[in-house]
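Hi,

Here is the structure I promised to pass on.

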Amino acid sequence: MRFIHDSLPQRVRFATGAAPENLAAEVAALGAQRVMVIAGASERELADRVTAGLPVVHRHADVVMHVPVEVAERARAAAAASRADVLVSVGGGSTTGLAKAVALSTGLPIVAVPTTYAGSEATAVWGLTEDSVKTTGTDARVLPRAIVYDAALTLGLPVGLSVASGLNALAHCVDSMWAPRSDPINQALAAEGVRALRAGLPLVVKDQDGLEGREQALYGAYLSAVSFASAGSGLHHKTCHVLGGMFNLPHAQTHAVVLTHVLAFNAPYTEGAEQRLAAAFGSRTAVEGLTGLRDQLGAPRSLRDLGMPGEGVAAAAEAVVAAAPAGNPRPVTLDAITGLIHDAWEGVEPR
Ligand code: NAD
């Protein structure tokens, strides 16, 4: 066995119902006295509750998916004007993403309080969008110093969004099995992430007010993000990045649709990973495990339903082939990717 593995420095506090005191402890540990709270409109009420006891100098609700540069600039100006010394983000990946954009240029520390399963809180990856083009990069300054997980904060997330977001997390795990820096450590985290998400998500759908499934899903989402941060973007993420950017598709739902197709494409070429994923799903094959879960959750199945135009398939396929990681286990040909995207667009079972 021979590999190089980096672990990211970050504290994780995980306790249902304890977000306010855990957050206060992290803000105090940083010695911070001027808190800027970032939370989008639908996360505002949660954020007010969780941050009630903190020395808040500014509450910022101007959050937009994929962090347009002008939105980032306004948040940076607000941080400077309020002389904030810590950023507290309460919300999904878009909210965490805006905090990262501020941290990138100011160096301010972030304490993240996630309310979806996107997992941005556990990565040092930032993203900014200008003229419909999203640029991403990695910078240690944007990694939140601490994460405060509280499954009770996800109770308000509608079931459809919980499912899509959960499958987005599952996609981090699956892609980690063959991504450019995949190694035994991130594969082990990814497999445990699949197990937890597979156990938790059906419970979230079945019992919307229950916390057991939401805890499992949140734990799985954290593992998925850690494995993804370490392994990097594989074919699945490159495909979703292209599709999302070209057709402005919703992030989590696009992942939910595309994942079965990329798994079916790569699985026959990655025996070890395939068996490991199948075991984590508790199914005969990995693809059976994933399609079974998708059906059980009533997840979205077609890119057409998400708003992608059919005539976009050819251009998307070319862009995916150009962006595909060199080490993908199966050769990424234009024919194969055109078929894959067409199937995902139509919403048929993977080949
Ligand atoms: P999101 O943050 O846009 O949230 C989706 C919607 O759900 C929003 O309207 C939000 O206000 C609402 N919401 C969030 N939590 C809620 C709750 N508990 N109750 C009710 N409503 C709630 O979507 P997302 O899927 O979490 O994040 C997507 C973004 O994150 C994308 O821009 C993606 O690129 C980015 N992302 C980045 C990384 C990274 O490592 N940098 C990783 C994953 C995702």
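To start you off: which backbone oxygen does the side chain of Q10 reach? That of P144, at 3.0 Å. I list this as a polar contact, meaning a pair of N or O atoms within 3.5 Å; within protein, one must be able to donate a hydrogen and the other to accept it, and residues adjacent in sequence count only if both atoms are side-chain atoms.

Before the rest, some housekeeping. This is a predicted model, where local features need pLDDT of at least 70 and side-chain atom pairs count only at pLDDT 80 or more, while totals for chains, interfaces and linings use all residues. Residues are numbered from 1 along each chain as its sequence is written, and side-chain values use heavy atoms, with hydrogens and water left out.

Back to Q10, which sits in the segment before β1 (11–14). Leaving aside residues up to four places away in sequence, Q10 touches E121, A122, L143, P144, R145, A146, I147 and Y222 (contact means heavy atoms within 4.5 Å). Helices (H or I, at least four residues) and strands (E, at least two) are DSSP runs, numbered from the N terminus.

Now the ligand. It is surrounded by 21 residues, the closest being S42, S94, T115, T123 and K134 (near means a heavy atom within 4 Å). A polar side-chain atom of S42 is 2.4 Å from a ligand oxygen atom. H66 has a side-chain N or O atom 2.8 Å from an oxygen atom of the ligand, and for G93 a backbone N or O atom lies 2.8 Å from a ligand oxygen. Taken alone, the ligand exposes 870 Å², and the protein buries 83% of that (Shrake-Rupley method, 1.4 Å probe). Helix α4 (residues 93–106) gives the largest share of the shell, three residues. By class, the shell has seven nonpolar, eleven polar and three charged residues (Ala, Val, Leu, Ile, Met, Phe, Trp, Tyr, Cys and Pro count as nonpolar, Asp, Glu, Lys and Arg as charged, the others, Gly among them, as polar).

On a 1 Å grid over the protein atoms alone, a cavity is a set of points where a 1.4 Å probe fits but cannot get out; a pocket is an open set with protein on both sides within 12 Å along at least five of seven lines, and lining residues have an atom within 4 Å of a point. The second largest pocket holds about 150 Å³ of space (the volume filled by probe spheres set on the points, which are joined across faces, edges and corners). Of its 13 lining residues, S7, L8, A122, Y222 and V226 are closest to the centre. Helix α7 gives the most to this pocket's lining, four residues.

Finally, the largest cavity has a volume of about 40 Å³, and α9 (residues 251–266) gives the most to its lining, four residues.

Cheers
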